[in-house]
Amino acid sequence: MLRLRGVSKTFGGLRAVQGVSLEVQPGEILAVIGPNGAGKSTLLNLISGLLSADSGRIEFLGQDLTHAAPEVRAWRGLGRAFQIVQPFPEMSVRENLMVGALYGTPGTSVQAARKVVERVLELSGLAGKAQHPAGELSLLEDKRLELARALATQPKLLLLDEVMAGLRPAEAQDAVRLVRSIRDSGVSVLFIEHLMPVVRALADRVVVLDYGQVIAEGRYAEVAENPKVREAYLGRGA
Amino acid sequence: MRLVLVILGLVLIFPALPLGRWQAFTLDTAQFAFIATALALSWDLLARTGQLSLAQGAFFGLGAYAAGLSAGVLGTIPALLVGAGVAAASSLLLGAATLRLQGIYFAIATLAFSEVVRTLVLKAGFTGGATGLPVAPAFGGGWALGGYYLAAAVLILSVLTSLWVGHSRLSYAQAATRQGEATARVLGVPVVRVKLVSFLLSSALAGLAGGVYAMKALFLSPYDAFGLGRAVEALVIPIFGGLYTTLGPLLGGLLLVALETWLRLEIQDGYLVIYGLILILAILFMPRGLVGLFRPRAKPAQEEPRA
């Protein structure tokens, strides 16, 4: 459903993403991994439209979105949760979700949006905090809000940027269950993650980036055995 | 909400109160207070998107001049609509060029716009230039309370617009745009359109207020209609009363104009010094404005280190 062809992005002299091609199938959970600075977050920004690609092509559900504005991509069904949580701090948790529900899918009425919000509040375990100011949540709640708000846009493909970072193992397990249930409800997932147990538990397929290029792709077990991947993670000559 | 309606009710019955020999003066003051409050409410409509405009005085002045120039030919109400239309149309031009700017850059661009408009009006022949422009009173002066109710009508319209926007889906988009523009876009909020619509509403109301002012003041000069003081007043009132609310600018506008008038009567020399002191103290001790005093919210967020 999502198809990238030779997507590149350069900052000054730094080639952050170089000729990346990848595909996400409907119903799939795809992990993008790689060492720090491999270009993972840049790649997500290119997909969600916060950055625009220097070259290459980004297609989603058969439409060319290479130069579309972020809001247009959201309307087409791309949802995004940020690594550094970005709640609207002066709004309550429920109001945060309302923004996504009202604007993420064109033509959503206020009533329909309220229903979506109540469902997402239940699903994400934030129902008890619905009235709470979003600027005063714990880290775990922040992460849940970030994910819940992306879900409230009713995406077809969810882009998750290290949503598990900083969580305790038990909390991460909850989050893994949540992401699985999201997929089971018919939403595809592309996620970036550093925690290998999470990648192993969740990903149907793994794409490995290093220096902005795809160096390996396949099932977790295959990729983990790949010498190029080991080298990228452990260092040259290790 | 209830307090807003009570205040609007008072506005409507105010002329019927037994004010004795003070009546003419208080009704006069009230009209200027209504106009200033309407302008403050209009400024707040755009401020809700996070854009700090210093062009509110320019839209006010454009509305004043457009209404003043056309009142003789068109009559009171159509002339006011022309004033609102001219202000709104110029906000579209300004907005298309500047709404992508943020924070201080947008503020400076709007300030520059105000200066350009003022200079144009000063130099153009048909505006009367530096000599000024005489304006006919509302409804040909035939209705003693006509000016009062016109000012009251603009105030009520501004209050209703502010309430309506505050309860509509647009309010979510405005607040999201203000609190995190990039995030808002990723969630599907068309932030440029949201800002443009807010700018349009805001400038149309400012132009309307300007037209009513022209018909009350009966004489316009570029220095008065486009003064920076008016743009500053339009933002001081919401800050004093409570930003991003309807009650805040409403209460703030009526109280501040009343306070200023009273100080001017009591202290002929240097009343602005006292007025300024009061404002400074108010902003220091009421960070969320008057509204914050009786709508306490949970304490501000503790800054926690985030992963």
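These are my notebook entries on a few places I looked up in this structure, which is a predicted model.

**Entry 1: the two domains of chain A**

I began with the domain assignment of chain A, which gives domain 1 as 1–77 + 155–238 and domain 2 as 88–154. I put the C-alpha centres of domain 1 of chain A and domain 2 of chain A 24 Å apart. I then looked at who takes part in the contact: 10 residues come from domain 1 of chain A and 13 residues from domain 2 of chain A. On the domain 1 side, helix H2 (70–76) and helix H6 (169–184) of chain A are the elements that give two or more residues. H6(A) has the largest share of that side, with 3 residues. I sorted the domain 1 side by class and got 8 nonpolar, 1 polar and 1 charged residues.

**Entry 2: where chain B meets chain A**

Next I went to the contact between the chains. I have 20 residues of chain B in contact with 31 residues of chain A. Which helices of chain B each supply at least two residues of the side that touches chain A? I noted helix H7 (169–179) and helix H8 (181–186) of chain B. H7(B) gives the largest share of that side, 6 residues. By class, I get 13 nonpolar, 4 polar and 3 charged residues on the side of chain B that touches chain A.

**Entry 3: H3 against H5 in chain B**

For a packed helix pair I wanted the angle between the axes and the distance between the axes. The axes of helix H3 (residues 56–74) of chain B and H5(B) come within 9 Å and cross at roughly 25°. Angles under 35 degrees count as roughly parallel, so I logged H3(B) and H5(B) as roughly parallel to each other. The crossing of H3(B) past H5(B) is left-handed. From H3(B), the contact is made by B:Gly57, B:Ala58, B:Gly61, B:Leu62 and B:Tyr65. H5(B) brings B:Phe113, B:Ser114, B:Val117 and B:Val121. My class tally for this contact is 6 nonpolar, 3 polar and no charged residues.

**Entry 4: B:Leu101**

I finished with a single residue. B:Leu101 sits in the loop of chain B between helix H4 (76–98) and helix H5 (103–123). Why does B:Leu101 count as partly exposed? I found 14 C-beta neighbours inside 10 Å of B:Leu101, and a residue needs 20 or more to be buried and 12 or fewer to be exposed. Setting aside neighbours within four places in sequence, I have B:Leu101 in contact with B:Phe106 and B:Ala109. I also checked B:Leu101 against B:Glu233: they are 132 residues apart in sequence and 23 Å apart in space, C-alpha to C-alpha.

Methods: Residues numbered from 1 in each chain as written. Chains lettered and ligands numbered in written order. Predicted model: local features only at pLDDT ≥ 70, side-chain atom pairs only at ≥ 80, totals over all residues. Helix = DSSP H or I, 4+ residues; strand = E, 2+ residues; numbered from the N terminus. Contact = placed C-beta atoms within 7 Å. Domains from an automatic or database assignment. Nonpolar A, V, L, I, M, F, W, Y, C, P; charged D, E, K, R; others polar. Axes fitted to C-alpha atoms, helices over the stretch in contact; angles between N-to-C directions. Parallel < 35°, antiparallel > 145°, perpendicular 65-115°, else oblique. Left-handed = near helix turned anticlockwise from the far one by under 90°.
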